[in-house]
Amino acid sequence: MTRKPQPQIQPPLSRRGFVWLGWKLVIAFSAALCLLALLRIQLQYHSVATLPSPLSVARSHTLLREYSGDRRPKLAFLFLARRDLPLDFMWDRFFKGVDHANFSIYVHSLPGFVFNEDTTRSQYFYNRQLNNSIKVVWGESSMIAAERLLLASALEDQSNQRFVLLSDRCAPLYDFGYIYRYLISSPRSFVDSFLHTKETRYSVKMSPVIPEEKWRKGSQWIALIRSHAEVIVNDDIVFPVFKEFCKRCPPLGTNEAWLFLKQNRRNCIPDEHYVQTLLTMRGLESEMERRTVTYTVWNVSATKYEAKSWHPVTFTVENSGPEEIKEVKKIDHVYYESESRTEWCKADSKPVPCFLFARKFTNEAAMRIVSEGLVGSSTNRTLL
């Protein structure tokens with residue numbers, strides 16, 4: 001008789017075996033949780049990455065639909081004036097015939113200055129001054145404080161969706177309809193912004209708040225979308241640093257200049273850096289056309305210690321005729337030497353002339369461009 005093999009009986013697990021089995025289960029469970037978390041993050045990243053940008057062209061069309069009918073998006077004109085507006089007669093021609101529902105006007109002037117029939121030739125500017133204006137000194141942080149006050153006032157009107165900052169000597173190069181379509185249709189801000197390498201204005205004392213790699217320079221004449229205007233007005237971190245460390249050198253030969261240089265302070269013009277640096281720090285460079293829409297020709301013949309003598313070349317009655325204005329309107333790109341970057345001018349992803357405004361114009365030059373029909377009234381036929 002053959003003998004059937006008996007099944008082997010495994011000895012019971014020891015206590016050490018139970019502990020080891022428990023650790024293996026814990027490790028396996030932890031690894032599964034990690035894999036699940038990584039998978040979830042990847043899926044979330046993919047879904048965000050594939051969503052259209054909130055500032056894509058589609059947003060501009062949504063914006064226009066949202067404001068269709070009686071409520072349309074407004075273009076806010078923000079004038080930074082020394083006192084009055086010497087070219088008000090030209091702007092009066094520009095706004096003539098335009099529906100008031102399409103624009104707003106705000107003026108920062110001397111504290112207490114009122115725009116009325118005695119101080120301006122245009123009813124469009126009556127009582128458009130800010131009641132909380134401050135004294136502004138060129139090359140000081142008061143300049144950007146005034147810009148922030150203008151933006152804050154304009155943001156109170158929810159219909160204002162684009163904000164363009166202008167000097168009291170700016171002239172429009174096109175009629176209202178063209179400028180309105182240009183700015184409203186673009187989902188981006190127009191902010192001149194580039195790396196500044198020729199002279200050192202950045203101070204290491206800014207570094208706890210402003211990283212040097214985020215430091216930018218550019219024109220103060222900006223055109224903003226609403227969300228960027230809100231970033232500037234709500235900023236309470238970067239602006240105080242500019243007030244403390246970004247200052248121009250006082251006139252040479254004075255005790256103030258001697259003390260400034262003794263302290264190794266750096267000559268810094270706040271309005272040429274603040275908006276550009278702030279928006280870069282907020283990660284918003286991709287939401288900007290990194291150029292200005294205001295044309296300026298600079299006289300840069302002065303030395304770096306004579307920065308106060310740097311000034312825009314003035315348009316006079318002799319150099320503001322049709323041919324000169326036509327040449328400005330033909331410019332379609334801007335080259336930035338410090339970045340070896342050519343900025344081809346676009347609005348709503350379409351090629352456009354670079355400039356909508358120019359500065360700086362004398363009264364006589366403004367009279368000429370009005371009399372020759374270079375600035376005229378606009379109609380609302382084809383605003384959008």
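Angles under 35 degrees count as roughly parallel, over 145 as roughly antiparallel, 65 to 115 as roughly perpendicular and the rest as oblique. The contact (heavy atoms within 4.5 Å) is made by Phe89, Met90 and Arg93 of helix 3 and by Asn363, Ala366, Met367, Ile369 and Val370 of helix 11. The crossing of helix 3 and helix 11 is left-handed; a crossing has that hand if the near helix is turned anticlockwise from the far one by less than a right angle, and is right-handed if clockwise. The axes are lines fitted to C-alpha atoms, for helices over the stretch in contact, and the angles run from 0 to 180 degrees between N-to-C directions.

Residues are numbered from 1 along each chain as its sequence is written, and side-chain values use heavy atoms, with hydrogens and water left out. As the model is predicted, local features need pLDDT of at least 70 and side-chain atom pairs count only at pLDDT 80 or more, whereas totals for chains, interfaces and linings use all residues.

The protein chain as a whole holds eleven helices and 15 strands. Helices (H or I, at least four residues) and strands (E, at least two) are DSSP runs, numbered from the N terminus. Of the 384 residues in the chain, 46% are buried; buried means under 20% relative accessible area, exposed over 50%, and partly exposed in between (1.4 Å probe, protein chains only). Among contacts with a separation of 6 or more, 78% are between residues 24 or more positions apart. The accessible surface of the chain comes to about 21,200 Å², and 56% of this belongs to carbon and sulfur atoms. These areas come from the Shrake-Rupley method with a 1.4 Å probe, and for residues only the protein chains shown count as cover.

Two further helix pairs can be described in the same terms. Helix 4 (residues 142-155) and helix 6 (residues 226-234) pack at an angle of about 125°, with their axes 9 Å apart, and are therefore oblique to each other. On the helix 4 side, the contact involves Arg148, Leu151, Ala152 and Leu155, which meet Arg226, Ala229, Glu230, Ile232 and Val233 of helix 6. Helix 4 passes helix 6 in a left-handed crossing. Helix 7 (residues 238-245) and helix 9 (residues 274-281) have axes 11 Å apart at an angle of about 140°, which makes helix 7 oblique to helix 9. This crossing is right-handed, and here Val238, Phe239 and Phe242 in helix 7 meet Tyr274, Thr277, Leu278 and Met281 in helix 9.

Turning to the strands, strand 1 (residues 74-80) runs parallel to strand 2, joined by six bridges, and parallel to strand 3, joined by seven. Two strands pair if DSSP finds at least two bridges between them. Leucine 78 has tyrosine 106 as its bridge partner in strand 2 and leucine 165 as its bridge partner in strand 3. Strand 2 (residues 103-108) has six of its six residues buried: Phe103, Ile105 and Val107 lie on one side and Ser104, Tyr106 and His108 on the other. In strand 3 (residues 160-167), eight of eight residues are buried. Strand 3 also pairs with strand 6 in the antiparallel sense, over three bridges, and valine 164 stands opposite alanine 223 in strand 6.

An open sheet of three strands has the order 4-15-8, with mixed pairing. Its edge strands, strand 4 (171-172) and strand 8 (294-295), each pair on one side only. Strand 8 runs parallel to strand 15 (residues 357-358), and two bridges join them. Within strand 15, alanine 358 is the bridge partner of tyrosine 295.

Two single residues complete the picture. Serine 193, in the loop between strand 5 (189-190) and strand 6 (223-225), is buried, with a relative accessible area of 0%. Beyond its neighbours within four places in sequence, serine 193 is in contact with residues including Arg216, Gln276, Glu285 and Arg341. Glutamate 372 and glycine 321 are 51 residues apart in sequence and 8.1 Å apart in space, C-alpha to C-alpha.
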